[in-house]
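Me: Hi! I have a structure open and would like to talk it through. Could you help me read it?

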Amino acid sequence: MSIEPNLFGDACLIRRWGRIGARGQRREHHFTREEEAVRLFLQLLRKRRSRGYRPKPHIRQDASGDR
């Protein structure tokens, strides 16, 4: 899930899901105020966490790997 501005300056909550390696699905919710998008984001986040979903672990890239 992410909150991004659209071309008209409105806040857009974007939800993506699907199987790994597949194209997946996408749903967009448009809001005139960013606060409304944040409210829905937090509501959906609480619902997912109550069902056992956890955030994807962040993979740190080591600076020495650029050699």
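Me: Let's start with Arg33: is it buried, partly exposed or exposed?
Reply: Arg33 counts as partly exposed, because its relative accessibility is 44%. Here, buried means under 20% relative accessible area, exposed means over 50%, and partly exposed is in between (1.4 Å probe, protein chains only).

Me: Before I go on, what kind of model is this?
Reply: It is a predicted model, where local features need pLDDT of at least 70, side-chain atom pairs count only at pLDDT 80 or more, and totals for chains, interfaces and linings use all residues. Residues are numbered from 1 along each chain as its sequence is written, and side-chain values use heavy atoms, with hydrogens and water left out.

Me: Thanks. Which residue does Arg33 meet in a salt bridge?
Reply: The side chain of Arg33 meets that of Glu35, at 3.4 Å from N to O. A salt bridge is a side-chain nitrogen of Lys or Arg within 4 Å of a carboxyl oxygen of Asp or Glu.

Me: How many salt bridges does the structure hold?
Reply: The structure holds two salt bridges. One of them is between Arg26 and Glu28, with the closest N and O atoms 2.7 Å apart.

Me: Where is Arg26?
Reply: Arg26 is in strand 3, which covers residues 25-31. Helices (H or I, at least four residues) and strands (E, at least two) are DSSP runs, numbered from the N terminus.

Me: How accessible are the two partners, Arg26 and Glu28?
Reply: Arg26 has a relative accessible area of 48%, so it is partly exposed. Glu28 has a relative accessible area of 36%, so Glu28 is partly exposed too.

Me: What else does Arg26 touch?
Reply: Not counting residues up to four places away in sequence, Arg26 touches Ile14, Arg15, Arg16 and Trp17. Contact means heavy atoms within 4.5 Å.

Me: What about Arg27?
Reply: Arg27 is found in strand 3. With neighbours within four places in sequence left aside, Arg27 is in contact with Leu13, Ile14, Arg15 and Trp17. At 45% relative accessibility, Arg27 is partly exposed. Arg27 is 26 residues from Met1 in sequence, and their C-alpha atoms are 9.6 Å apart in space.

Me: New topic: Ser2. Buried or exposed?
Reply: Ser2 is buried, because its relative accessible area is 18%. Ser2 sits in strand 1, residues 2-5.

Me: Who is around Ser2?
Reply: Setting aside neighbours within four places in sequence, Ser2 is in contact with Cys12, Leu13, Ile14, Arg16 and Phe41. The side chains of Ser2 and Glu4 are also joined by a polar contact of 3.0 Å. A polar contact is a pair of N or O atoms within 3.5 Å; within protein, one must be able to donate a hydrogen and the other to accept it, and residues adjacent in sequence count only if both atoms are side-chain atoms.

Me: Now pockets. What is the volume of the largest pocket?
Reply: The largest pocket has a volume of about 320 Å³. On a 1 Å grid over the protein atoms alone, a pocket is an open set of points where a 1.4 Å probe fits, with protein on both sides within 12 Å along at least five of seven lines; lining residues have an atom within 4 Å of a point. Grid points are joined across faces, edges and corners, and the volume is the space filled by probe spheres set on the points.

Me: Which residues line the largest pocket?
Reply: Its lining includes Met1, Trp17, Phe41, Arg48 and Tyr53. Helix 1 gives the largest share of that lining, four residues.

Me: And by class?
Reply: The lining of the largest pocket has six nonpolar, no polar and five charged residues. Ala, Val, Leu, Ile, Met, Phe, Trp, Tyr, Cys and Pro count as nonpolar, Asp, Glu, Lys and Arg as charged, and the others, Gly among them, as polar.

Me: Last one: what lines the second largest pocket?
Reply: Gly18, Arg19, Ile20, Gly21, Ala22 and Lys56 line the second largest pocket, which holds about 210 Å³ of space. By class, that lining has two nonpolar, two polar and two charged residues.
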